[in-house]
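Before you read the points below, please open the structure beside its sequence and find each place as it is named. The note moves from single residues to the relation between the chains.

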Protein chains: 2
Amino acid sequence: MNIAARHHPFHGMSAFPLTPADAAGRVDAQTLSLLLERLCEAQVDSIGLLGSTGTYAYLTREERRRAVAAAVECVGGRVPLIVGVGALRTDDAVDLARDAETSGADALLMAPVSYTPLTQNEAFEHYRAVASASALPFCVYNNPGTTHFTFGIELLERLSHLPTIRAVKMPLPAGGDIAGELAALRERTDLAIGYSGDWGMVEAMLAGADAFYSVLGGLLPYPMLAIARTASAGEAQEARRLDDLLQPLWNTFKAYGSLRVMYVLLEALGLGQAQPPRPLLPLDARARSEILAAVDSLLSDR
Amino acid sequence: MNIAARHHPFHGMSAFPLTPADAAGRVDAQTLSLLLERLCEAQVDSIGLLGSTGTYAYLTREERRRAVAAAVECVGGRVPLIVGVGALRTDDAVDLARDAETSGADALLMAPVSYTPLTQNEAFEHYRAVASASALPFCVYNNPGTTHFTFGIELLERLSHLPTIRAVKMPLPAGGDIAGELAALRERTDLAIGYSGDWGMVEAMLAGADAFYSVLGGLLPYPMLAIARTASAGEAQEARRLDDLLQPLWNTFKAYGSLRVMYVLLEALGLGQAQPPRPLLPLDARARSEILAAVDSLLSDR
């Protein structure tokens, strides 16, 4: 397999939408489809369904199956659909991977969710069991902000040898040296390397990351696509100018958590009224005003 | 209510047994009852069912209900039964609290389990919803090693004003100043203050903690009761001597995690063959030998 084929669909700007649901955790398939239709129209490079922003951790197996079915029906092959299958138990994650494949997902994504902290080898065996449960290309979801699991480079190298594991979704490096990290990862693995943390997208793409997994892109794809495409084309100055326009929004991501901000924007865009799953709470009026001010220019030409 | 009544049943040595289950997560009620019978015979001060060591996070609502029902039937009021009701979603934790009360639990315990990190206020509202769903006395489970949530003193103070919240289970303070922390907490709350982290039990009880929540006590109650009772009686020298005998075991707790060590001991004691829930893996032969050597003297007069 050549590198391009191996990296499909883990390249470019991947959009991670919310999964709107009611207070009891029942997925609102209609609003979800509305969000997905916008992403297809914008021609994002892939859709990350049931990622952290898609609140996968808070949804039952049945609701996750409903979300995937609705997404497959809506997207209809126009954009590759990457589906999050993380779960605390290995057998549950295996079931979710099989469900996603059966329902028509194009690829899988999984974070090493844990309660009792996992060893490196436990994480490896967990990934091996879940990745081998389906034939779909698989992305390792390195998300220490929610899982508190730290991947060693040796673990990523071992994982890269599993036949379906093709990609890793990395957090922005603490020291900011994305180029150095990319070089180190490429020396040890042939994984497609993507990043998340929207405020770092411009520098990650300029540094040559294969993909970027974007929260804002799941709701407002155009500004993120513009940054991703100018950055990928090496137009650093223009990419940074576009990113600068979003700095006030990135400040709210850092202050309130991007997930909570997305629920405010969902309503502000007139797309739906969903709230985050409790115990997460809707943001207060002051935070909402700050967010709306930060995106004022974006909403006016949505 | 006077302080003693307010602190019941959150005082003395509370034993946290495993919840033996098969690979599919079905609770082995017979082995569980065997473990609980040993705790009743040893006259532990309370039993912490479905704590972290009881793998609550890995069990379904139905299996947790089965475990509580089996425990209530076995214990039959001989020892107060504290039941863990933590869940990622507030509505699920509310259901678990109601289930536990209906099944005959004496008290509840809950950690602020999260995926998306919670704010202090989100944790407060989560506790308020769950604590008010039952009339049972409630212990706040401060377990940053698994939840990665940090309780501020202001949050603990707010929680202590909720009518059923009576106690907090604290991790050992990073700096080691248990007496200082107890004084600070007592200035701000009237909660019964207990600790966990078995290697710190002797110093926590000598410092005047109201309770200690013990992992080893769930499987080998006698040595932990001996330490707790000599320490509570102020016999510092004897308490420390008894604790010193367990130092090799505490080293294995720190190296492998106490939960994994408990599964080795369960089998070594001839009490059952359960394994930890995957992705957690059984320890290898070398670790098992180290653990067995560490408890050799304890097992010979179990």
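1. B:L50 counts as buried, because its relative accessibility is 1%, where buried means under 20% relative accessible area, exposed over 50% and partly exposed in between, with a 1.4 Å probe and protein chains only. This is a predicted model, in which local features need pLDDT of at least 70 and side-chain atom pairs count only at pLDDT 80 or more, while totals for chains, interfaces and linings use all residues. Residues are numbered from 1 along each chain as its sequence is written, chains are lettered from A and ligands numbered from 1 in the order in which they are written, and side-chain values use heavy atoms, with hydrogens and water left out.

2. B:L50 lies in the loop between strand 2 and helix 3 of chain B, where helices (H or I, at least four residues) and strands (E, at least two) are DSSP runs numbered from the N terminus. In chain A, A:L50 likewise has a positive phi of about 60 degrees without being a glycine, sits in the loop between strand 2 and helix 3, and is buried with a relative accessible area of 1%.

3. B:L59 belongs to the loop between strand 2 (46-49) and helix 3 (61-75) of chain B, and B:L59 is buried at 9% relative accessibility. Although B:L59 and B:R26 are 33 residues apart in sequence, their C-alpha atoms are 8.0 Å apart in space. With contact meaning heavy atoms within 4.5 Å, and residues up to four places away in sequence not counted, B:L59 touches several residues, among them B:L50, B:T19 and B:R64.

4. Which residues does UniProt list for "active site"? The unreviewed entry lists A:Y141 and A:K169; UniProt positions are in the numbering used here, feature names are shortened, and annotations may be inferred rather than shown by experiment. These residues span 29 residues in sequence, yet no two of their C-alpha atoms are more than 4.9 Å apart, so they gather at one spot. The lining of the second largest pocket includes both A:Y141 and A:K169. A pocket here is an open set of points on a 1 Å grid over the protein atoms alone, where a 1.4 Å probe fits, with protein on both sides within 12 Å along at least five of seven lines, and lining residues have an atom within 4 Å of a point.

5. A:Y141 is part of strand 5 (residues 138-141) of chain A, and A:Y141 counts as buried at 3% relative accessibility. Its side chain makes a polar contact of 2.7 Å with the side chain of A:S52, a polar contact being a pair of N or O atoms within 3.5 Å, where within protein one must be able to donate a hydrogen and the other to accept it, and residues adjacent in sequence count only if both atoms are side-chain atoms. A:K169, in strand 6 (residues 165-171), is buried at 4% relative accessibility. Beyond four places in sequence, A:K169 touches residues including A:Y141, A:L109 and A:Y213.

6. A:T53 lies in the loop between strand 2 (46-49) and helix 3 (61-75) of chain A and is buried, with a relative accessible area of 6%. Leaving aside neighbours within four places in sequence, its contacts include A:F16, A:V215 and A:M262.

7. How many disulfides does the structure hold over all chains? There are zero, a disulfide being counted as a pair of cysteine sulfur atoms within 2.5 Å. The sulfur of A:C40 is 5.5 Å from the closest cysteine sulfur, that of A:C74, which is too far for a bond. A:C40 is buried at 8% relative accessibility, and A:C74 is buried at 15%.

8. Chain B can be laid on chain A with an RMSD of 0.0 Å by a turn of 180 degrees and a shift of 0.0 Å along the axis, and this is the relation of a two-fold axis; the copies are superposed by least squares on the C-alpha atoms of residues with pLDDT of at least 70 in both. The same surface serves both copies, as 100% of the contact residues of chain B recur in chain A. Of the residues of chain B, B:H148 comes closest to the rotation axis, with its C-alpha at 3.9 Å. B:T146, in helix 6 (residues 144-147) of chain B, makes a side-chain polar contact of 3.3 Å with the side chain of A:Y115.
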